[in-house]
Amino acid sequence: MILAFSLAVAVVFGSGVFLVIQRDLLRVVVGIVLISNSASLFIVAAGLTRGAVPIVPLPGGDGASASDPLVQAMALTALIITSSVTALLLSLIYRLYVSHDTMDIEDISVAELREAEALERKNRPEIEENPEKGPAAEELEERSR
Amino acid sequence: MTALSAAFSLAPLLPLLVALLAAPAAMLAGTLKPRLAAPVGTAFAALAFLATAFTWYRGGGTVDLAWAPTWGMRFTIALDGLAALYALLATGIGFLVLAYSSRYLPLHLDQEGRPEAEGARFYGFMLLFMGAMVGLAMAQDLVLLFVFWDLTAVASYYLIAYDRHDPDARASALMALLVTGITAVLLLIGALTLYATYGTLSVPDLAGSVEPGVTLTVAGLLIACAALAKSAQVPFHFWLPRAMAAPTPVSAYLHSAAMVAAGVLLLGRVYPLLEKSQFLLDVLLVVGLLSISVGAILALTRDVLKQLLAYSTISQYGYVVFLYGLGGEYGAAGAAFYVVSHALAKCALFLTAGAITEETGEDRLSRLGGLTKRLPLLAVASGAAAAGLAALPFTIGFFKDELLFEAALERGGLFAALSVLGAALTIAYTWRFWGGLFLGEGRDGAGSLPAALVWPVAVLGGLVLLGGLFVEPFALLAEAAGAASYGAPTPIEPAYHLDLRPTNLMAVGAFALGIAIVASRPLWERGALAVSRFGEVLGPERLYEWGVDALNRLSDYVHRAEVRDLRSRVAAILLPAGVLVGAGILVTPTVGAYRTGEVMRGDFPLLLALVVVAVAALTTTFTRRHVTLALVLSGAGFVLALVYAFLGAPEVTLVAVLVETFLTLLFLGTSKLIPYKVLHDQAKLPLGNQWRRVFFSCLASLFAFAVAWSALSQPAAENTVAEEHVRLAPDAHAQDTVSAILADFRALDTLGEVTVVALVILGVATLLNRGRLP
């Protein structure tokens with residue numbers, strides 16, 4: 001069973017990582033949810049004992065073994081935090097879409113760099129040659145094609 | 001009665017307390033009223049001097065308090081001879097320098113058009129410097145020593161860069177901080193090396209237990225490196241002349257009683273360890289000789305007053321290091337005496353340079369001269385100091401050279417000859433400084449220097465002369481300091497002898513040679529300039545510049561790679577973490593550490609559920625459309641809830657079902673908020689170089705597998721906390737153990753979790769409301 005749990009954790013984690021390194025922000029969030037799922041599974045699987053539901057009175061009397069209640073409490077915490085964070089991430093994506101009209105990481109990076117360069121230009125008026133975009137933004141756009 | 005005796009046993013703390021209180025007191029006074037900072041600071045320096053003298057007069061003593069006993073660190077300070085000498089120097093010279101600054105600094109700030117309020121910062125850091133020096137002098141624990149050591153570096157950084165609008169001052173301050181700060185780490189490593197072997201950080205205890213060997217040699221070299229860098233010895237000397245960008249009182253203090261003196265103070269403190277290894281003493285000898293010659297030759301070539309003095313300091317501390325390297329009782333006590341006499345003379349010369357630059361606006365020897373008529377008192381006072389530096393009779397300096405010659409004679413003829421040559425070079429550059437300033441053709445007219453810029457020089461010059469006539473008190477102090485370093489009484493009897501003993505002959509030889517060097521300037525001037533140019537082209541400063549430049553470029557590169565976009569930022573965190581985990585797995589023994597575990601009969605539904613979860617997770621990787629993606633994701637989540645149910649965790653199952661429902665609705669809601677066209681375009685995104693991504697996720701997956709498998713393979717403990725929890729649950733008026741844990745045993749965790757949820761709700765509401773709270 002140990003091997004089976006480890007394999008399941010690894011597969012879910014790997015799929016999550018694959019999604020996290022995509023360009024589509026919604027996929028990134030899905031990847032984060034998968035990684036959190038693998039973490040919860042890992043926590044629950046790490047319970048030191050397996051057995052009856054840890055509700056007293058235990059079915060087998062006082063000496064019977066119950067499932068480890070500590071990992072269950074931790075997993076509960078993890079689940080709640082995951083759901084909250086996911087909600088926050090999804091609202092962030094919505095905000096990004098509203099302000100940038102895209103959910104593509106590369107487009108957003110380009111926009112961010114342009115903004116930084118505009119700020120730089122405002123602070124140092126002497127670099128005025130290329131007002132539209134700086135070298136960094138150009139390079140990034142090139143790369144994303 | 002017991003309270004009184006307890007207070008008495010803490011009496012040695014008094015100087016340190018007064019010295020450390022000085023900086024905040026001056027800062028506070030300065031914020032209340034800028035004019036108050038100088039008098040309060042000066043008064044505190046005087047108080048600290050008196051406290052040190054009083055405590056030393058009462059017999060010194062040791063205070064030993066537990067600091068971090070489990071790590072062998074103790075707060076041990078002692079006012080022994082060495083500590084008294086350096087603490088008296090730091091506070092006494094500090095007092096004079098601050099008195100000088102009270103007039104100098106307003107002029108300096110006025111010239112640069114800066115507000116008077118900036119003075120408070122100056123006094124604050126000067127006094128912090130003083131407090132750190134007193135602490136450094138008294139510390140007996142190597143880690144405590146390191147703390148004060150770094151405190152002096154911090155204070156010096158702010159003082160050198162006091163003119164912070166000046167890029168040169170900032171670069172110089174950074175150089176001083178880097179050179180002394182990086183080598184300070186070597187001191188810490190050396191201390192920990194000794195601790196690892198001998199189990200103590202206390203210098204007196206170490207002195208009793210260390211034995212010659214590789215450990216001592218390595219640790220001693222590391223500590224000596226830190227000390228030599230602080231004392232600006234070759235090859236670390238380049239930071240000191242650059243540090244002349246600081247205001248003159250800072251330079252005076254830095255050179256005579258703080259920073260640079262801290263290096264030789266450390267040598268004196270750890271001398272009982274160093275002297276056990278002849279190799280370490282030989283290293284000190286070589287470095288000392290190199291510094292004497294490099295410093296002296298370059299001092300003969302410099303035109304800027306403070307530069308000349310800076311190189312002279314390098315050369316003079318070279319003598320101190322040389323004396324420690326010579327070893328023996330004359331070495332230890334002679335080094336201590338040398339520090340005192342050099343401090344008095346050098347401080348006076350620096351203050352002279354500052355006063356002259358204030359008076360004339362010039363800082364180059366070639367444009368100055370003939371100032372005797374304009375500034376007669378300054379000429380006499382600094383003449384006395386210069387005579388002291390050049391070791392003329394009837395000054396304290398004469399005895400420093402007498403001790404040097406005696407120590408060198410003990411080692412043999414070669415060293416005696418070298419020390420005579422060094423003394424002659426000292427005479428030559430001191431003559432160049434004083435003669436260049438005050439002799440020759442000059443304009444007449446009364447000087448207009450304020451008294452506060454002259455009387456500290458006069459006091460120092462007077463002390464130099466006084467030491468030449470009544471050497472007893474200085475000799476006693478140096479003897480005590482020498483005894484603290486050497487571990488046995490070091491009787492030195494400086495006195496004038498009117499006979500033909502070798503030291504007298506050597507002194508006469510040095511005077512004659514010095515005059516010859518001054519007179520034959522045209523013969524060697526070109527050679528000295530060539531040495532100076534060679535040092536500029538190939539010296540260690542080049543190495544420093546190259547290193548700083550390379551670091552800057554590396555940092556720029558890493559910064560650009562890191563902040564390029566979201567993925568690189570995440571990768572910058574995850575990659576090092578992965579490397580660490582990988583290293584952890586690699587060094588952990590693997591034989592017998594991995595278990596497959598047994599599959600019971602009832603486990604097949606569980607296995608099936610795990611397979612479904614894995615397949616669903618894999619499916620998400622090639623699903624294109626977002627709605628399908630959300631549904632597959634929630635499918636995986638619901639089956640995972642089933643897995644929890646099989647594992648006997650009903651609460652987790654219920655919450656997981658709830659959370660999955662919530663997440664599914666969230667994803668579907670988001671897809672509804674964002675127009676179909678954008679989502680559709682997004683789904684058709686060119687997926688780029690997928691093979692690279694597949695490779696990286698497989699790698700990550702392998703790591704996760706290794707970590708999970710090795711963690712889960714650890715055998716279960718005999719007595720688990722689970723039984724305890726189950727037993728205690730009824731006492732918490734609960735039957736369900738998990739809810740007892742959440743609501744009672746670990747209630748604070750739950751409180752934190754509730755806070756997170758509340759914050760997230762606020763955040764989501766704000767984001768959906770276009771950045772405003774609803």
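Analyst: Two strands count as paired if DSSP finds at least two bridges between them. By that rule, strand β1 (residues 62-68) of chain B pairs with strand β2 (residues 73-78) of chain B. The sense is antiparallel, and the pairing runs over six bridges. The model is predicted.

Start with the hairpin. Across the pairing, B:A66 stands opposite B:R74 in β2(B). Four residues lie between the strands of this hairpin. B:G72 takes a positive phi there, near 75°. In a regular strand, side chains alternate between the two faces of the sheet.

Now the wider chain. Chain B is divided into three parts: domain 1 (9-276), domain 2 (603-714) and domain 3 (721-774). Over C-alpha atoms, the centres of domain 1 of chain B and domain 3 of chain B are 51 Å apart.

Next, helix packing. Two packed helices are described by the angle between their axes and the distance between the axes. Within chain B, take helix α17 (residues 376-389) and helix α19 (residues 413-438). Their axes come within 9 Å and cross at roughly 170°. Angles over 145 degrees count as roughly antiparallel, so α17(B) and α19(B) are roughly antiparallel to each other. On the α17(B) side, the contact is made by B:A379, B:S382, B:G383, B:A386 and B:L389. α19(B) supplies B:T426, B:T430, B:F433, B:W434 and B:F438. By class, the contact has six nonpolar residues, four polar and no charged.

A second pair spans the two chains. Helix α3 (residues 69-100) of chain A packs on helix α33 (residues 747-768) of chain B at about 15°, with the axes 9 Å apart. Angles under 35 degrees count as roughly parallel, so α3(A) and α33(B) are roughly parallel to each other. Their crossing is left-handed. Residues of α3(A) in this contact include A:T77, A:I80, A:S84, A:L88 and A:R95. Among those they meet in α33(B) are B:D749, B:E753, B:V757, B:G763 and B:L768. The contact of α3(A) with α33(B) has 12 nonpolar, four polar and three charged residues.

Last, the whole interface. In chain B, 84 residues are in contact with 71 residues of chain A. Helix α30 (residues 690-712) of chain B gives the largest share of the chain B side, 13 residues. That side divides into 54 nonpolar, 18 polar and 12 charged residues.

Technical notes:
Residues numbered from 1 in each chain as written. Chains lettered and ligands numbered in written order. Predicted model: local features only at pLDDT ≥ 70, side-chain atom pairs only at ≥ 80, totals over all residues. Domains from an automatic or database assignment. Contact = placed C-beta atoms within 7 Å. Helix = DSSP H or I, 4+ residues; strand = E, 2+ residues; numbered from the N terminus. Nonpolar A, V, L, I, M, F, W, Y, C, P; charged D, E, K, R; others polar. Axes fitted to C-alpha atoms, helices over the stretch in contact; angles between N-to-C directions. Parallel < 35°, antiparallel > 145°, perpendicular 65-115°, else oblique. Left-handed = near helix turned anticlockwise from the far one by under 90°.
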